[in-house]
Each structure stands twice: as C-alpha cells, then as structure tokens.
Amino acid sequence: QVQLVESGGGLVQAGGSLRLSCAASGRTFSPYRMGWFRQAPGKEREFVASITWSNGKTYYADSLKGRFTISRDNAKNMVYLQMNSLKPEDTAVYYCATRGRPSYTGNAYSRVNDYDDWGQGTQVTVSS
C-alpha cells in the first residue's frame, strides 16, 4: 500500500504562486510515474502534469504549459507542483497520484484510471 499526502495549498490572489508538495511512503512505493490532477466543484477530475520517476521526463496538460512545473526528489520520495501566474479558474482540489504499472515514454498517462493510488487532496483557491 502506498500513502500519498499533499500539502501547500491555500488562498492566493490572481497572479500569485503556490508550490504543492506530495510526500509518498509505503512498503510498495516504487512508481513508474507520478501525476498531479485537479478537480473543481461540479467538474470532473482533470490531468495537470506527470513525471517519470526514473528520469524526470515531464508531461503537461496543454492549457497549463508554461505556468505549472512538476518536479521530483527521488531521495525524499517527494513530488512537487510549482504553480505560477495563478488564475481564478485554477481553483480546485489538487491531487497527487502514483502509477505502479509500467509506463512508456511519450504517453502522458492523463487519465484518472492510469493511476493506482491517490492522496486526499489539497485545496487551492485563487481570488480575483
């Protein structure tokens, strides 16, 4: 079983920045890919970004490229999401997820069911 704990959410003004963190633990933690998703009220959970655990290759939702950056620290079992130039429409609960199944270069793994374990989420609210 893998445990994922997100942190770093909060209230920020439009144009501001936040850095989310995801701490992973568990005997079976050995991911191929880590991902960030978000879910706004009344909407489906949507892909934000993913990162290949072994080599750090990153993938982003097209609409978020240039504003969001995913990174990882293998030694600490941590994944981060740096969010800049935040907009009110970025308001959502942000979730960290891990994929333990083999992953292939070029595939962003942007679907919810591409991932096996999820954190509880952290709220991000961007005020206008």
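## The C22 position in the sheet

In strand β8, V79 is the bridge partner of C22. This pairing belongs to a predicted model, not to an experimental one. The two strands concerned are β3 (residues 18-25) and β8 (residues 78-83), which pair in the antiparallel sense over six bridges. Elsewhere along this pairing, L18 stands opposite M83 in β8.

Strand β3 also pairs with β1, in the antiparallel sense and over five bridges. Here Q3 stands opposite S25 in β3.

R19 lies over the face of Y80, at 3.9 Å from the ring centre.

## Disulfide

The count of disulfides comes to one. The bond joins C22 to C96, with an S to S distance of 2.1 Å. The torsion about the S-S bond of C22 and C96 is about -75°, so the disulfide is left-handed. The linked parts of the chain are distant: C22 is in strand β3 and C96 in strand β9, 74 residues apart.

Are the two cysteines buried or exposed? C22 is buried, with a relative accessible area of 0%. C96 is likewise buried, also at 0%.

## Aromatic pairs around F37

Five aromatic pairs are found in a search of the whole structure. One of them is F37 with Y115: the ring centres are 5.3 Å apart and the planes stand at 80°, so the pair is edge-to-face. F37 lies in strand β4 (residues 33-39), while Y115 lies in the loop between β9 (92-99) and β10 (117-118), so the pair ties together parts that are 78 residues apart in sequence. F37 is buried, with a relative accessible area of 0%. Y115 counts as buried at 5% relative accessibility.

F37 also pairs with W118, with centres 5.0 Å apart and planes at 65°, so this pair is edge-to-face as well. It links distant parts of the chain, F37 being in strand β4 and W118 in strand β10, 81 residues apart. W118 has a relative accessibility of 24% and therefore counts as partly exposed, since the buried class covers values under 20%. Ring pairs link F37, F47, Y115 and W118 into a cluster.

## Salt bridges

Side chains of opposite charge can pair when their charged atoms come close. How many salt bridges does a search of the whole structure find? The search finds six.

Among them, R111 and D114 meet through their side chains at 2.9 Å, N to O. R111 is exposed, with a relative accessible area of 52%, whereas D114 counts as buried at 5%. Salt bridges that share partners join R38, E46, R67 and D90 into one network. Within that group, the side chains of R38 and E46 meet in a salt bridge at 2.5 Å, N to O. R38 is buried, with a relative accessible area of 8%, and E46 counts as partly exposed at 36%.

D62 forms a salt bridge with K65, the closest N and O atoms being 3.4 Å apart. Both D62 and K65 are exposed.

Notes: Residues numbered from 1 in each chain as written. Predicted model: local features only at pLDDT ≥ 70, side-chain atom pairs only at ≥ 80, totals over all residues. Heavy atoms only, no water. Pairing = 2+ DSSP bridges. Helix = DSSP H or I, 4+ residues; strand = E, 2+ residues; numbered from the N terminus. Phe/Tyr/Trp six-rings, centres within 6.5 Å; stacked < 30°, edge-to-face > 60°. Buried < 20%, exposed > 50% of the residue type's maximum accessible area, 1.4 Å probe, protein only. Lys NZ or Arg CZ within 6 Å of the ring centre and 35° of its normal. Disulfide = S-S within 2.5 Å. Salt bridge = Lys/Arg side-chain N within 4 Å of Asp/Glu carboxyl O.
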